[in-house]
Amino acid sequence: IDAGTTTELMIDYIEPRRNVTFVTNGIGHAKKLTHLGFTVHILGGEFKLETEAIVGEETLIALDKYNFTKGFFGTNGVSKRHGFTTPDPNEALVKQEAMRQTERCYVLADSQKFGMVSSVTFGVFEEATILTETEPPEGFSGSKNIRVAK
């Protein structure tokens with residue numbers, strides 16, 4: 001599970017009785033998942049206070065040993081042309097590498113993120129299922145990779 005406020009909210013909906021191991025670069029995520037009784041591995045690297053994310057070269061090296069079945073990622077922007085974007089190049093590298101090693105990628109994006117573009121692209125629009133809370137805005141409706149989560 002990628003660091004970020006939207007992905008952290010998702011943790012409240014994970015059934016605690018499932019036998020699942022999580023890998024995250026989010027400090028708050030690791031604490032919440034551990035309190036729910038899950039096995040949690042946290043990636044090493046530089047700690048960013050603003051987002052409580054672990055990033056940097058050490059994080060990328062740590063990611064290299066993992067293969068993920070499912071990955072959940074946050075984003076600052078969703079664009080058909082520019083894909084999934086974030087303002088921080090170091091966070092983008094971590095997201096990009098984790099997505100590369102994930103069998104099924106899910107991007108969590110509230111409706112305000114559609115049509116927004118931040119400075120760094122970390123994923124291609126068609127390469128992930130987008131989970132959002134409402135029907136997508138005009139220009140995105142009909143996209144086969146968008147799911148409304150309720």
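A residue is called buried when its relative accessible area is under 20%, exposed when it is over 50%, and partly exposed in between, as found with a 1.4 Å probe on protein chains only. At 2% relative accessibility, Thr86 therefore counts as buried.

The structure described here is a predicted model, in which local features need pLDDT of at least 70, side-chain atom pairs count only at pLDDT 80 or more, and totals for chains, interfaces and linings use all residues. Residues are numbered from 1 along each chain as its sequence is written, and side-chain values use heavy atoms, with hydrogens and water left out.

## Individual residues

Helices (H or I, at least four residues) and strands (E, at least two) are DSSP runs, numbered from the N terminus. Contact means heavy atoms within 4.5 Å.

| Residue | Relative accessibility | Class |
|---|---|---|
| Thr86 | 2% | buried |
| Lys48 | 13% | buried |
| Glu52 | 36% | partly exposed |
| Thr69 | 47% | partly exposed |

Thr86 belongs to strand β7 (residues 83-86). Leaving aside neighbours within four places in sequence, Thr86 is in contact with Asn76, Ala92, Lys95, Ser118, Ser119, Val120 and Phe122.

Lys48 is found in strand β3 (residues 46-48). Not counting residues up to four places away in sequence, Lys48 touches Ala53, Val55, Asp88 and Glu91. Glu52 lies in the loop between β3 and β4. Most residues other than glycine have a negative phi. Glu52 has a positive phi of about 55 degrees, although it is not a glycine.

Thr69 is part of strand β5. Its contacts, apart from neighbours within four places in sequence, are Thr102, Glu103 and Arg104. Thr69 and Gln101 are separated by 32 residues in sequence, and their C-alpha atoms are 8.6 Å apart in space.

## Helix α2

Within α2, the residues Gly28, His29, Ala30 and Leu33 are buried. The buried residues of this helix pack against α1, β1 and β2. Just after α2, Gly37 takes a positive phi of about 95 degrees.

## Nonpolar cores

In soluble globular proteins, nonpolar side chains tend to be buried together. A nonpolar core is a set of buried Ala, Val, Leu, Ile, Met, Phe, Trp, Tyr and Cys residues joined through side-chain atoms within 4.5 Å. The largest such core has 26 residues, of which Val78, Phe84, Met99 and Ile130 touch the most other members. Two or more residues each come from β4 (53-55), α3 (57-63), β5 (68-74), α4 (89-100) and β8 (102-108). Helix α4 gives the largest share of this core, 4 residues.

For Val78, the contacts beyond neighbours within four places in sequence include Gly83, Phe84, Lys113, Phe114, Ile130 and Phe140. A second, separate core holds 10 residues, among them Ile14, Leu33, Phe38 and Phe72.

## Aromatic rings

A pair of aromatic rings is described by the distance of the centres and the angle of the planes. Rings of Phe, Tyr and Trp (its six-membered ring) pair if their centres lie within 6.5 Å; planes under 30 degrees apart count as stacked, over 60 as edge-to-face and the rest as tilted. The structure holds 7 aromatic pairs. In one of them, the ring centres of Phe22 and Phe38 are 5.0 Å apart and the planes stand at 75 degrees, so the pair is edge-to-face. This pair links distant parts of the chain: Phe22 is in strand β1 (residues 21-24), while Phe38, 16 residues apart from it, is in the loop between α2 (27-35) and β2 (39-42). Phe22 counts as buried at 11% relative accessibility, and Phe38 counts as buried at 6%.

One aromatic cluster is formed by Phe84, Phe114, Phe122, Phe125 and Phe140. A charge sits over a ring if NZ of Lys or CZ of Arg is within 6 Å of the ring centre and within 35 degrees of the ring normal. The charged end of Lys95 sits over the ring of Phe122, 5.1 Å from its centre.
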